[in-house]
Every structure is written in C-alpha cells, then in structure tokens.
Amino acid sequence: MAAGAGAGEAGLCDAVLLAPLTEETFVHNLHVRYKRDVIYTYVGAALVCVNPCRPLPLYTPELVRAHLARPPYTLPPHLYAITATAYRWVRDRNESQCIVITGESGSGKTEAARVCLQCVVLAGGAAGAGGALVAAGTLLEAFGNAATPINHNASRFGKLLDIEFNFKGEPIGGHITHYLLEKERVCRISEDERNFHVFYQLLAGADVQLLKRLKLQRSAMCYRVLVGSCGGAPPRTPHPAPRPISRQDTKHFQHTKDAMARVGVCASRVLRVLAFILKLGNAEFEPTHNIDGSIGTHLHHHYEVWEACELVGVDARSLLLALGAEPASLDAPAHTPDHADSEPGADQAEGSAEWARSLRDRLISTVYSRLFTWLVGAANQALQSDGTTRTAELGILDAYGFESLSHNGLERLLINYCAERVQAAVTGATLRREQREYCREGLPWRALPYLDHEANAELLDHGPESLLGILGDVSAKGLDDDTFIQRLQRKRDRRLLVLPPDHFHAVSFACRHSTTAGGAMTWSEVAPHLLIIGVLFPAVNGRST
Ligand SMILES: Nc1ncnc2c1ncn2[C@@H]1O[C@H](COP(=O)(O)OP(=O)(O)OP(=O)(O)O)[C@@H](O)[C@H]1O
C-alpha cells in the first residue's frame with residue numbers, strides 16, 4: 001500500500017488502516033469522506049462505494065488512462081483502479097478475473113457495473129466489441145429494469161457479463177448470463193411501482209402511426225398491467241396514477257430502438273409482443289350464470305383479446321378456450337348477476353373466473369420472460385467474438401439487490417436469497433483470505449466477529465428441512481400453502497418467525513423480511529428457480545475476485 005495514497009483526502013482511504021477498527025470508526029470514516037464527496041474507500045483489496053445520489057465528476061477517460069498507467073493503490077480509491085487492476089491481469093497474464101458487485105437495492109450496483117464496463121471499453125481501445133457491449137446493456141436495462149419505491153431504475157434480474165479479450169487486451173466479444181427475471185412484475189405491481197421500463201418507453205416514444213399499428217392508446221392508465229394494483233380485477237374507477245410517463249421515457253425509447261438495431265433484433269416483432277401483453281392484460285373474466293342454468297366465465301374487453309391475438313397471429317378463440325372462457329360468451333349476451341354471491345354455485349363460478357385470470361397472468365408473464373431470454377440470446381449472438389482467439393475473460397457480476405417491499409412473494413424470496421448467497425461468498429472469501437494472509441506472515445491477530453451470512457443462507461437452502469427444501473417437497477406433492485406454513489412452524493430456528501395463516505419472516509444480512517406464501521406454488525414453478533440456485537453459485541464461487 002502506498003503511504004501517499006489518498007493524501008489530501010478526508011478520512012482514511014483504506015479502512016484497514018483504522019485504529020481501532022470497529023463498526024463505528026468504519027462508518028464514521030465513510031461519513032467523513034462522503035461529506036467531502038469522496039465516495040470510494042478501500043477495505044484491503046475490496047472497494048466500498050457510498051451512493052452519492054447525484055452525478056459527480058468522477059468518471060473521465062483521462063482518469064481511466066491514469067489508473068491504467070499507475071500501479072494499484074497509488075491513486076485515491078476508485079472503481080477504475082479495481083477494474084484497471086483486473087484488466088491488467090487479463091491483458092498481461094491471461095488470467096480470467098471477476099468483479100463482484102453487491103449491495104442492497106438502490107445502493108449503486110448497476111451504476112458501478114456501468115463504470116467498470118466504461119473503463120474496460122476505454123482500456124481496450126476503440127476497436128472490438130465495445131459498442132455491442134454497451135448496446136446489449138441498454139437493451140437489457142429497458143426490458144429488465146423497473147422503478148420500485150427504493151430505486152427508480154432497479155434491476156429485476158441478475159446479470160453476469162463476461163467480456164472476452166484477445167492477446168492484445170482488446171475486447172473481442174462477450175457473453176451475458178441472466179438469472180431469474182422477476183416476471184411476476186409483468187402482471188402484478190403495487191401502487192408505488194412501475195412495470196418494466198420498456199412498456200412506458202413504448203407508449204411515450206411511439207409516434208401516432210406506430211401506436212395505431214400496434215392498436216395501443218398513449219396513456220398508461222389504459223392498461224391494467226401498468227396501473228399499480230396488487231392483481232385482481234382491473235380498476236373500474238380511475239386508480240391512483242403511477243408515475244406518469246416522462247420525457248425521459250420518450251428519450252430512452254429511441255436508445256432502446258437503437259440498441260435493438262445494434263444487436264440485430266427486429267424492433268417491430270418485439271413491439272408487437274409488448275402490445276400483445278398490454279392488451280391481453282386488459283382481458284377481464286367474470287363469473288356468469290347462463291340462461292340454461294350452467295355456470296360460465298364471461299370475458300370483458302373482448303376486442304382487446306381479438307386485437308392482441310391479431311398482432312401476433314394467434315387464434316383468439318383457441319386462446320380463450322385455453323383460458324376457460326367460452327368463445328360463445330364473446331358474442332352472446334351473458335347474464336352477470338349483480339348479486340352473484342347470493343346465487344347457488346357462486347363460489348364455483350368465481351373459482352372458474354379466478355382460474356382464467358390466473359392463467360392470463362401466467363401467460364403474459366411467461367411470454368415476457370421468454371421474450372427477455374430471447375433478447376439475451378440475440379445480444380449474445382451480437383457479442384460473439386469474430387473468430388480471433390480469446391485469451392481470457394473479465395466477468396462483471398451485477399447481482400440482485402436485497403429488498404423487502406409491502407408484498408414479497410416467491411420471486412422476491414429467491415432474489416433475496418441470491419443476494420444473501422453472494423454476500424456470504426464475498427464475506428467468506430475476503431475474511432478467509434485476510435486471515436490466511438495473517439497466518440502466512442505469522443502476524444498476531446484476533447479473530448473478528450462477523451455476521452454469519454452462511455448460516456442465514458443455509459436456513460433457506462441446506463437440506464430437505466431448509467425453507468426451500470420444504471417448499472420443494474410441498475410443491476412436488478401438490479400440497480397447499482397451509483401445509484407449507486405448518487411445516488415451517490415445526491422448524492425451530494431463531495432466524496425464522498412463522499406468522500400463520502400465510503406469512504413468515506426470515507432473517508437475512510440486510511434485515512428481517514416478510515414473505516407471503518401466496519398460493520399456487522407448484523413444483524413446476526419452483527423447480528426452475530431451484531435449478532438457477534444450483535447454477536449461479538458454483539459459477540460465482542469458482543472464480544477469482
Ligand atoms: N456512482 C454514482 N454516481 C451518481 N449516482 C449514482 C451512483 N451510483 C448510484 N447512483 C444513483 O442511484 C440510483 C440507484 O443506483 P443503481 O440502480 O445502480 O442501484 P442498484 O444497486 O443497481 O439497485 P437494484 O439492486 O435495485 O438494481 C441510480 O439510478 C443513480 O441515480
């Protein structure tokens with residue numbers, strides 16, 4: 001460590017130099033620096049960044065060049081220093097590297113990943129795959145990010161970007177691996193959230209002709225999936241408005257279209273699928289008692305379904321049959337009683353309408369998730385190296401941010417679990433490495449007590465009696481949520497608080513988060529998520545940081 005590093009700065013540039021090193025002194029040091037707009041601080045080989053929540057003049061090509069030209073730790077702490085160090089290992093030693101970025105939602109991970117990418121692209125020179133890498137990032141941000149109460153640009157998927165280099169250190173291609181898109185969002189948002197950015201961009205940025213071709217209205221209020229409500233029937237009266245479509249959305253629509261062109265995606269096909277989702281989301285099903293005494297499901301807004309199907313070449317009658325709505329009910333006037341609850345068979349009728357709604361929601365979220373996967377595939381195709389021999393890779397992992405919202409379902413539980421696992425891997429690796437170093441050098445040291453992330457993660461994933469183990473078992477046997485909650489109750493663990501009938505709290509590194517066991521967690525839904533867990537973490541753990 002160069003003694004002069006950070007000279008003239010407030011506080012200490014490396015928290016390792018703090019004496020005594022306690023949580024209070026550590027936070028105080030960050031605070032002192034933050035007040036002077038110094039957002040970066042080293043902790044040994046790791047870097048802590050405090051989100052400034054406003055643009056700072058910290059990112060220039062000159063600074064990238066300065067960090068590339070100087071050995072590590074000779075300039076004040078910066079993300080460029082971490083990236084330049086990793087880059088030099090790739091270029092000079094042909095050793096693959098990975099930068100792992102963690103933190104809770106809104107802490108600045110995506111911005112940090114952008115800064116790392118900017119540094120790599122500048123370091124590698126104008127030649128190569130820099131443009132395609134940036135375009136792929138823009139595209140996935142439009143389709144995979146959304147505004148939440150915590151962050152107006154929250155990533156709703158995990159992303160590992162592997163940048164491939166040739167022997168000269170030029171980026172020649174790359175590969176994106178995405179993890180668990182929060183697809184539930186497509187059909188269910190709460191009042192203070194937005195759906196994925198691209199929907200608002202489309203409505204704001206499309207010209208009149210395009211809107212007409214897609215049979216869309218300009219206002220987001222016309223689409224149930226863009227209006228904050230926790231699922232259920234669409235609002236009959238105007239709902240509290242989601243954040244209005246902004247001029248930013250209009251501008252970003254152009255960037256998204258440019259990015260699609262850059263990665264070779266046909267924008268018109270993609271936009272038709274988006275319109276299909278918006279319109280099908282408006283289909284509403286209500287229980288009906290037919291004149292012949294039978295019970296059925298009546299479809300409202302059937303023109304939306306017709307138009308939606310026309311856009312993507314799907315047979316509307318077959319789709320409605322699959323959803324459980326009789327095609328006859330499209331034309332024939334159905335009798336929808338005002339007081340359906342009091343009629344015999346009301347439960348059964350409501351059940352079939354509910355079934356149709358739930359199938360509709362699953363369909364649109366699955367279509368969106370497949371569209372997203374297809375876009376990632378297209379981006380990867382565009383990022384394929386040009387045949388030049390790749391010598392090493394630099395990975396940038398922008399994992400999920402921990403968050404606890406008013407309603408947390410299965411997907412958020414898994415997102416938080418991923419954040420926990422990444423945190424456990426990072427803490428374990430850094431602390432273990434420091435301790436090994438102390439031992440190797442024969443230095444006297446006192447073991448530091450630290451939060452046991454591993455135990456928190458194991459509560460969720462270790463063995464058949466873990467939370468996910470029980471969930472998998474219950475789902476595989478087709479048992480209901482009550483059984484799931486009862487089995488959790490039998491588990492005695494101070495990190496788990498079960499609140500019947502349908503809630504439980506699990507402790508994590510960030511806080512205690514409440515999850516609702518919200519029905520229909522079938523094995524077919526749970527299994528792919530568990531598979532992701534099996535794939536993500538060996539990949540992260542197996543790399544050097
Ligand atoms: N280095 C920075 N400089 C200026 N603003 C920043 C910086 N880092 C983050 N921000 C601001 O904070 C916001 C949230 O950051 P970001 O989206 O990167 O968080 P995140 O950790 O990726 O969140 P999530 O896990 O929800 O995706 C950004 O939109 C930006 O306004």
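**Tour of selected residues**

Start by selecting S107, which sits in the loop between β3 (97–101) and α4 (109–124). The model is a predicted one. S107 is partly exposed, at 25% relative accessible area. Show its side chain and look for the backbone oxygen of E104: the side chain of S107 reaches that oxygen at 2.6 Å.

Go on to E164, in strand β6, which covers residues 158–165. E164 has a relative accessible area of 10%, so it counts as buried, the cut-off being under 20%. To see what surrounds E164, display its contacts beyond four places in sequence: E170, P171, I172, G173 and G174, together with S385, R390, A392 and E393.

The last stop is the cysteines. How many disulfides does a search of the whole structure find? The search returns zero. Select C309 and C187 together: C309 is in no disulfide, and its nearest cysteine sulfur, the one in C187, lies 17 Å away. Because a disulfide requires cysteine sulfur atoms within 2.5 Å, the 17 Å between the sulfurs of C309 and C187 rules out that pairing. Colour both by accessibility to finish: C309 is buried, with a relative accessible area of 1%, and C187 is buried at 10%.

Terms used. Residues are numbered from 1 along each chain as its sequence is written. This is a predicted model: local features need pLDDT of at least 70, side-chain atom pairs count only at pLDDT 80 or more; totals for chains, interfaces and linings use all residues. Side-chain values use heavy atoms; hydrogens and water are left out. Helices (H or I, at least four residues) and strands (E, at least two) are DSSP runs, numbered from the N terminus. Buried means under 20% relative accessible area, exposed over 50%, partly exposed in between (1.4 Å probe, protein chains only). Contact means heavy atoms within 4.5 Å. A polar contact is a pair of N or O atoms within 3.5 Å; within protein, one must be able to donate a hydrogen and the other to accept it, and residues adjacent in sequence count only if both atoms are side-chain atoms.
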